[in-house]
Amino acid sequence: MEVKLMTGNEAAARGFYEAGGLVASSYPGSPTVELLEAVRAYAPEVYAEFSVNEKVALEVGIGASFTGARAMVSMKHVGVNIAMDPLMTFTQTPIQGGFLLVSGEDPGMMSSQNEQDNRVLGKFANMAILDPGSSQEAKDFAKLGFSLSEDYGLPVMLRMTSPVCHSRGPVEELEREVRDIAGFSKIPEDFGMVPPNTFPKQFEMKKRIERLTEDASGWDINFLEVWEEDERKKVSDTPFHPINGRQTVQRLAPSDPFFPPKTLIITSGLLYYNLKELEAPVDIYKLGMVYPLPIEALRSLVEDYEQVLVLEELTPFIENELKSHGIQCEGKKYFSFTGELHTELIEAGLVKAGVLGSAKYETAGEVDTVARISMFCAGCPHRPVFDILKKNKISVIGDIGCYSLAVLEPLHMLNTIISMGATIGIMKGMSKALSLSGKAEPLVSVIGDGTFFHSGMTGALNLLHQLDSNANLTLIILNNGTTAMTGGQMTATSGSYTKDWDMNTSIPELLKAMGFPRVRVVDQFDYKGAKAAIEEELKFEGLSIVMTTRPCALNFKIREPYFVVDPQICIGCRSCVKTNCPPIIMKQYEGIEKLKSSIDPDLCVGCSVCSQVCPVSAISRVGDKGRVAKAVSKPDTTLTENKTPSEGGKQ
Amino acid sequence: MVRNIMLGGVGGQGLVMTTAIISEAAFLAGFDVKTNDVIGLSQRGGKVWGSVRYGEEVFSPNIAPGRADVLLALEALEGLRWSGYVRAGGVVILNTAKIPPVPVITEKAAYPEDIEGLIAGDGQREVDVRAINALEEARKLGNLKVVNMVTMGMLSAVLEDISLDCWRKAIEAHVPEKTLALNLKAFDLGREIR
């Protein structure tokens, strides 16, 4: 069999494939985006989709599992919140086809709005939780997850932290298992979850966790590794075999010269590998499954040690589990509750705990220099919209997507970002509270098309309930046909930009059908027209919706001839620089004293916005000198015909 | 012995593909390999960094501060930012082409002067800085996207335990066929730069 380098995401996808998985669903979110993309490579043997949101993705997985098919649903940690509703009831049913929920976690919040620890949710949902630490483990644990799911009749969580998802390592490829599916079993007592059907399910859930707790003490995914002089030896040194190769943990006999070892560190996932870098004189118990824990094995094991430490990122999940079973240990006393625990931080904790004498690792690596934060891409269609809003000194209620970047410098104009789709409900609540207190002010919220479909539509519909007809509310839908922040997945409007996509939902038609009286569509690369339209809606004393039409420049690889600045005409006012486009920067031209604007032709994609905000027409498209340039490519005309407020808009 | 290669760059420069090719080359040379890429929100012009570690047995994908044998910096400021990860006696392959970050564009900060000197000359740990304007080299070849290939060629000259054949095979496995010849040309050009 071939060994290949794979990321954790690719390896988990491979595990799904080898386990005979049939249906995979997901909603894009870092760090698990590439997992579903990797599953797609196995089509048509498998079905894979990015669903409209995580709840729908989970439901697609449930449906497949009900038929006996193995199903994998993947999402980022906060996505699991959206999916919790079906999950909490689905978990009561006797699982048919193995069901794996991949939860991508983000300790350190490299690309997330919070740092929640989904082991807590996995326990809450009575699931088994597997915690791989390498690509090979990601594949093996995914496969194990499917068999555990079927053997114990529960959904299984495969918890993968961001570095496990993204890091590469060697993975052994095996053949795909041939599986037949039983079909839908049609037993309402098992799958129709209303009382009294739910009553026995509470006992079944309890029993399956108890069975797992008991059995886990013998599995070799949970193993002890002892320190012998300068060599580490895995005590249960058998080839990985998920179910059949069960063993009891062997311990050093009292006659052994190294008995008793002093410190035991209980850990899991990547931290096991980060810890091994230290070559510390400790024994390690690595947990492959972090819930439920092999309590009995650990209870007798810890008796041999003077000190038991738990090494885990985020919450003291394992630590609390052990303590609640009366097993003495320490963890968060020495290791941070937030962020990733790299080797140097683990070493610092072990020094603090008295395990190591002094630190050999340096802890400061990143040099303190000029910061480089993310910014809108060259030609990003969000840029003119925020430029217009900024000029109107409007503060905006934000949402999740590339446009979240407007919360940062230099735009610094989004006041709130909470969760997917939240902007619209937040705007309504603010409006009601301010109006009741006599402090009403115009409110603006922005949302992208992907987020609108994900969970903004419901909030939008809710705006129409008990609407104050004179409350000045403006909702701007930044429709770029792309889930862009996660690397350019398709949305329900992508079909209007590319023939390669099967969904072509018209947001204006949808809003009209929902009953919105005032919906306006603008081409934001016609800067002046868009500015006039947006400003009119900002002033409108009532509810209005503005949808922009330009597609994501990055995803649709838009590149038009670049623009150039004539430094003789430029007055150095920085109107163009303030749009914050990567190629535009002030420059010292030869023979000109004042700084003048410049555009890097390597980076410019020719969107024309800078030329349109220039008050003295100093910027023109290359080879087009002396004329004010307009955007070249027009979006789909079916989107732009509705230039004025739709019928019934005047109130 | 484990070799540690740290990578730094700007979102959009192809750092993830660069990590993939380096790790593939090391893997083809018979080593155990682990890598990491930290991208975050940075598809959009932010800082991105990564690591490749290879040797007989590699545990963690992360490189600790002061332990990188080589830093491959696809942009000058990012070279400075991650230079604290380089060990004494290590090598920094530096693309001197500048991509101004937001504070520089908004005139709140100046782009640091003499980055080569800043990296090489703090006196506490000597590093071998191999600087080149890879953007200009790529321009000569007619495609700006091969910046990372030029620097990867330079890296290949440092990593003597990976044969040229492994590098070529790794590149073939990761770049589209129609740009393969150009990418190999850029790699070869980088490999000759001393």
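Colleague: At roughly what angle do the axes of helix α1 (residues 8-18) and helix α6 (residues 135-152) of chain A cross?
Modeller: This is a predicted model, in which local features need pLDDT of at least 70 and side-chain atom pairs pLDDT 80 or more, while totals for chains, interfaces and linings use all residues. Residues are numbered from 1 along each chain as its sequence is written, with chains lettered from A and ligands numbered from 1 in the order written. Helices are DSSP runs of H or I with at least four residues, and strands are E runs of at least two, numbered from the N terminus. The axes (lines fitted to C-alpha atoms, over the stretch in contact, with angles from 0 to 180 degrees between N-to-C directions) of α1(A) and α6(A) come within 7 Å and cross at roughly 30°.

Colleague: How are α1(A) and α6(A) oriented to each other?
Modeller: Their axes cross at roughly 30°. Angles under 35 degrees count as roughly parallel, over 145 as roughly antiparallel, 65 to 115 as roughly perpendicular and the rest as oblique. α1(A) and α6(A) are therefore roughly parallel.

Colleague: How many charged residues are in the contact of α1(A) with α6(A)?
Modeller: Contact requires C-beta atoms, placed from the backbone, within 7 Å. On α1(A) the residues include A:Arg14 and A:Glu18, and on α6(A) A:Lys139, A:Asp140 and A:Lys143 are among them. Asp, Glu, Lys and Arg count as charged, Ala, Val, Leu, Ile, Met, Phe, Trp, Tyr, Cys and Pro as nonpolar, and the others, Gly among them, as polar. Beside five nonpolar and four polar residues, the charged ones number five.

Colleague: In chain B, how are α1 and α7 oriented to each other?
Modeller: Helix α1 (residues 15-28) and helix α7 (residues 164-174) of chain B have axes that come within 8 Å and cross at roughly 135°. α1(B) and α7(B) are therefore oblique.

Colleague: How many nonpolar residues does the contact of α1(B) with α7(B) have?
Modeller: From α1(B) come B:Met17, B:Ile21 and B:Leu28, among others, and they meet a set in α7(B) that includes B:Trp167 and B:Ile171. Along with one polar and two charged residues, the nonpolar ones number ten.

Colleague: How many residues of α6(B) are buried?
Modeller: A residue is buried if 20 or more other C-beta atoms, placed from the backbone, lie within 10 Å of its own, exposed if 12 or fewer, and partly exposed in between. B:Val147, B:Asn148 and B:Gly153 are among the buried ones. α6(B) has twelve residues and is largely enclosed by the rest of the structure, because the number buried is ten.

Colleague: How many residues of chain B are in contact with chain A?
Modeller: The side of chain A that touches chain B includes two or more residues from each of α10 (269-276) and α13 (343-352). Chain A puts 43 residues in contact, and for chain B the number is 46.

Methods: Contact = placed C-beta atoms within 7 Å.
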